[in-house]
Amino acid sequence: MASPERRILLGTVLAVLLAAALLIAPAGLAERPFELRMLTMLFLYAVLAHGWNILGGYAGQTSLGHGLFFGVGAYVSTLLVIKLGLSPWLGVVAAAVTAAALGVLIGIPCFRLKGHYFVIATLVVAESAYQLFGGWDWVGGAIGLQLPIGQEGLRNFQFHRDKVAYYYIALAMLVLVTTAVWFMQRSRFGFILRAIRDDEEAVRSLGFSTLYYKLAAMALSAGLVGICGVFYAQYVLFIDPHSVLSLSLSVLMALIVILGGAGTVAGPILGAAILLPLSEYSRVIFSGSGRNVDLLIYGLMIMVIAVYRPDGLMSLFSSPGWTRLARRMGLLPAVPPSRTNADQWKDN
Amino acid sequence: MSEQLLLQLILSGLGMGFIFALVAIGLTLIYGVMDVVNFAHGEFLMIAMYASYLSYRTWGLDPLVTLPFIAVAMFIFGVFVYYVLIRRVMGAKMNAQVFASFGLMVFLQALAQFVMGADYFAIPNSLLSGVVNIGSVILPVPQLAAIVGSSIATALLYWLVFRTRTGRTLRAAAQDRQAAATLGINVDLMYALAWGIGAACVGVAGSLLSNFYSVFPRVGAIFVLLAYVVVALGGFGSIHGALVAGILIGLLQVFAGFFISSELKFVPVYLLYLLVVLVRPRGLFGRI
Amino acid sequence: MLINRITKTLLTLVMAWCAHSAMAADPVRIGALYPLSGQVAKSGEDTLNGIRLAIDIVNNRIPDLQLPFATGEGLPGLGNAKIELIAADHQGSPEIGAAEAERLIVQRKVAALIGAFHSSVAATSSQVAERLGVPYISGESEATNLTARGFKWFFRTTPTTRTQVRDFFLFLRDINKGSPNPIRTFAVVNENTLWGKEFSQSVQSYAAEFPEFKEVLNITYQQGTPDVSSEVQRLIAAKPDVVMHASYDAEAILFARTYKQYNFVPRGIMAIGAAFGSGAFRNALGPDANYFLVRDHWSRDLGAKMPVVAQVAKRYRDRYGRDMDGTAARAFTAMMTLADAINRAGSTDPGKIRDALAATNLPADKLIMPWNGIKFDQTGQNTLTSAIFIQIQNREPKMVWPADKATVPVVWPRPAWQK
């Protein structure tokens with residue numbers, strides 16, 4: 001067995017190589033917009049997944065309505081750009097704040113629900129929003145909103161000739177968010193979130209206001225997802241309820257995290273790295289038959305993961321050596337959740 | 001607004017409400033017994049509708065005739081799904097349970113499109129078509145059948161759950177799995193039974209629906225969200241709760257659609273749901 | 001020796017291949033963007049088949065077909081170069097449509113794009129084409145604003161939703177001629193996505209031009225609704241003379257059934273789009289499908305007076321096993337228009353193709369559509385389109401309007417529902 005020190009060295013070398021590859025990749029992909037776009041989307045979805053993971057993975061509150069915050073972020077920023085001519089970067093701030101506030105507003109009543117009840121509540125809220133936006137002409141209704149084509153550049157957050165800038169922005173977002181999540185889950189806040197996930201009663205009995213922590217997680221989660229919505233709006237320059245408020249987006253966010261490993265730092269990235277290429281290439285390969293083969297595979301895959309690897313692919317790295325290493329590097333929680341005697345009797 | 005119009009709206013609302021209730025009853029039973037939401041419930045409905053349509057197309061059998069057979073077939077299907085999939089996630093985290101039935105939903109929808117294509121199919125002129133005239137008010141026969149069918153199904157279910165030995169065993173397993181096991185109750189079998197009965201109920205709903213609604217791969221999605229709302233509003237695990245909530249929602253959407261807006265007629269329904277959740281998280285009638 | 005013989009044979013083969021390649025010019029690559037998976041996959045495939053049929057006619061020798069390029073092989077203006085189709089699936093997503101458009105242009109080097117069925121996807125994908133300077137032609141995306149963006153590279157052969165709505169009023173005016181009891185009021189029932197909403201907005205925009213008709217009710221319903229009782233009750237209360245519908249398949253069937261259940265009989269029910277005339281609708285409703293009117297773009301009945309229509313419809317049926325419909329016919333026409341332009345341009349240079357498209361002037365007898373021709377205005381919109389109305393009679397769609405194309409007289413007003 002290789003010693004921990006050698007493993008760390010190997011890991012670091014690999015990480016540096018990967019970073020270098022990611023940084024220079026666009027140069028090699030100049031004539032391949034398909035791959036460039038796929039990587040950009042991969043980074044974006046990884047950030048989305050990080051966002052969902054804060055509430056769903058660390059705090060243990062499974063939401064299937066997070067697409068709402070993506071859409072709200074996209075709409076708030078786009079409306080500010082269209083109606084008031086503001087900069088999309090201001091839109092980013094507004095989107096984050098609005099989404100976070102909305103998340104808290106929804107959380108206050110909904111966090112009283114547990115388990116499946118909560119999941120359904122999130123579904124209902126998201127569906128209502130979808131219908132409301134579709135029927136609301138001021139925000140474009142079903143027709144959607146088209147962003148004005150401006151001069152390209154960082155200032156307008158628009159790039160037309162060359163999509164490489166989007167790639168780097170998305171990559172930078174991913175690096176920033178991953179680092180932030182890494183710090184968060186090592187902090188006291190992260191620890192309490194995980195405790196709430198594992199045994200909310202116990203945490204409350206210790207005197208903590210679990211509602212406060214859940215709302216905080218929701219605010220962070222929603223705000224982050226909202227920012228991703230702005231990125232999407234500036235990338236496609238067109239939004240409508242179908243593209244930014246759909247259920248499939250909510251499900252995809254959750255699925256990526258569950259696939260990769262909920263409650264881990266690398267899980268969202270791993271999940272996105274597998275799911276995105278899978279869906280893109282399966283579309284290119286299977287398209288034209290109208291037979292939905294890719295969705296068939298999707299469904300099967302979800303079921304298989306649920307049954308055999310509910311902890312996600314990160315659990316594949318669960319041999320003691322890897323686990324110790326991961327703890328040392330901060331990728332896994334420093335202290336494993338403790339199991340009391342009573343846990344044996346719970347079905348969870 | 002005339003009396004006749006009011007009466008007409010009420011009757012239309014009741015008709016749809018009973019259908020919503022019937023779809024939801026199976027869902028609430030499964031949840032009541034085992035704390036698991038079947039996210040593929042809409043697809044069970046879709047399968048029942050396809051079965052009804054295909055029996056009509058292949059053998060010329062009217063949906064009313066095939067109804068009992070579809071109920072039995074769906075029962076078997078429900079048990080099958082339990083043993084093959086759900087059983088394996090019963091001890092797992094909630095996420096795993098949610099995604100197990102969610103994956104089933106995606107799979108079944110895709111399978112339907114794969115096998116049958118995305119086309120819309122509808123049964124022309126079934127036995128249960130036409131209308132019943134009550135004075136100057138009209139009640140379409142399929143809705144009448146739904147009212148009758150739902151009432152019978154609810155009554156039957158009640159009798160089963162509260163008046164038979166099997167029902168008692170079911171309730172015991174629902175209340176306290178461990179204790180029931182120590183008493184020698186085969187909890188596994190009870191769970192399978194719950195899934196079977198739940199599937200049979202939604203199978204009856206699908207069979208009745210196929211009299212007047214088109215079947216296509218996504219038809220389940222249209223009814224299932226409403227079914228969740230009905231169950232959550234009525235109280236998870238409460239059969240009469242599902243009935244009351246279904247009727248309430250049926251009436252609400254007809255009146256909202258008439259007086260406020262067709263486009264947003266379900267928004268008051270969702271708002272009602274959120275209000276009840278805020279005030280009384282367990283729903284109107286709580287547990288079984 | 002054996003080696004010698006093998007070498008000679010190989011050499012001969014290579015020379016023959018070179019000679020053949022030198023004779024045939026490089027194919028012209030055209031990119032097609034359509035939804036080929038998901039709910040509308042079937043329609044997407046049918047529409048794409050219209051394009052494939054057009055390319056097949058251009059590329060191959062079909063002696064007795066009186067359409068451009070049919071009697072030859074390939075495009076004469078480019079040394080008999082054949083057209084090569086590269087299809088891409090956009091899954092109904094504007095974002096994927098844009099990405100695929102870019103991939104087709106940059107990676108597959110197509111000379112022009114054709115698409116996209118969904119107007120929202122046509123919007124974003126044509127934006128990419130505009131940016132990269134590649135001609136984009138749409139045969140079936142109807143959203144009015146597509147030609148209101150000031151684009152130079154976008155061309156559209158199909159009439160917009162707004163243009164189509166005008167035909168509803170023209171039809172009603174014809175019905176009113178000499179009638180002692182003219183139509184005065186109408187109701188609009190539309191689904192709540194882009195297409196339906198644009199329909200209702202377009203109807204309202206004609207209020208000034210057709211002041212004799214008054215809208216008494218506009219119902220926008222949610223697509224995918226389980227029940228339309230409240231909608232029909234509102235219609236009954238409003239008592240319109242005529243109802244104008246913009247619905248897709250499932251709700252078309254649901255509305256028709258609910259109308260019968262509540263015995264709602266306006267004098268006429270007119271619809272835009274394919275749903276109320278489709279096979280699914282007629283199969284589901286049986287004799288109750290009769291008397292619905294649909295504003296259509298094309299009908300197989302046209303074959304009685306236009307032989308090319310019958311020939312092309314038959315070819316389509318033989319090859320693809322399904323009947324050609326108005327959308328496939330429009331896509332066919334758009335592809336033929338594009339082929340004609342490329343031929344006149346004499347090159348695969350996008351700029352030359354674009355200029356050739358702008359100068360297009362195809363006469364009516366070169367088309368399978370009941371149009372007056374194809375000529376684009378400065379926004380890229382074809383201004384020579386015209387409509388037909390079909391009515392379901394004896395469970396079959398029959399052309400009833402305009403008078404010069406009608407095969408049977410229109411049945412008006414609607415009779416009561418059959419018991």
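Predicted model: local features only at pLDDT ≥ 70, side-chain atom pairs only at ≥ 80, totals over all residues.

Visitor: OK. How far apart are the end C-alpha atoms of helix α9 of chain B?

Guide: They are 23 Å apart. The helix has 16 residues, 219-234, and at 1.5 Å a residue it should span 22 Å, so the two values agree.

Visitor: Is α9(B) largely enclosed or open?

Guide: Largely enclosed by the rest of the structure, because 14 of its 16 residues are buried.

Visitor: And what comes just after α9(B)?

Guide: G235(B), which takes a positive phi of about 110 degrees.

Visitor: Switching topic. How many residues of chain B are in contact with chain A?

Guide: 39 residues of chain B are in contact with 35 residues of chain A. On the chain B side, α4 (94-116), α7 (177-182), α9 and α11 (267-279) each supply at least two residues.

Visitor: Which of those gives the largest share?

Guide: α4(B), with 15 residues.

Visitor: What kinds of residues are on that side of chain B?

Guide: The side of chain B that touches chain A divides into 30 nonpolar, five polar and four charged residues.

Visitor: Now the inside. How many residues are in the largest nonpolar core?

Guide: The largest nonpolar core has 355 residues. Those with the most contacts inside it include L22(B), A227(B) and M335(C). Helix α1 of chain B, residues 3-34, gives the largest share of this core, 18 residues.

Visitor: Where does this core lie relative to the two domains of chain C?

Guide: Between them, because domain 1 and domain 2 of chain C both give residues to this core.

Visitor: Back to A227(B). Which residues is it in contact with, leaving aside neighbours within four places in sequence?

Guide: F20(B), V23(B), A24(B), L27(B) and H41(B).

Visitor: Which residues make up those domains of chain C?

Guide: The domain assignment gives domain 1 as 23-159 + 303-374, and domain 2 as 162-296 + 388-401. Their C-alpha centres lie 30 Å apart.

Visitor: How many residues does the contact take from each?

Guide: Nine residues from domain 1 of chain C and eight residues from domain 2 of chain C. On the domain 1 side, the elements that give two or more residues are α4 (119-132) and α11 (326-345) of chain C.

Visitor: How does that domain 1 side divide into nonpolar, polar and charged?

Guide: The side of domain 1 of chain C that touches domain 2 has three nonpolar, five polar and one charged.

Terms used
Residues numbered from 1 in each chain as written. Chains lettered and ligands numbered in written order. Helix = DSSP H or I, 4+ residues; strand = E, 2+ residues; numbered from the N terminus. Expected span 1.5 Å × (residues − 1). Buried ≥ 20, exposed ≤ 12 C-beta atoms within 10 Å, placed from the backbone. Contact = placed C-beta atoms within 7 Å. Nonpolar A, V, L, I, M, F, W, Y, C, P; charged D, E, K, R; others polar. Core = buried A, V, L, I, M, F, W, Y, C linked by C-beta atoms within 7 Å. Domains from an automatic or database assignment.
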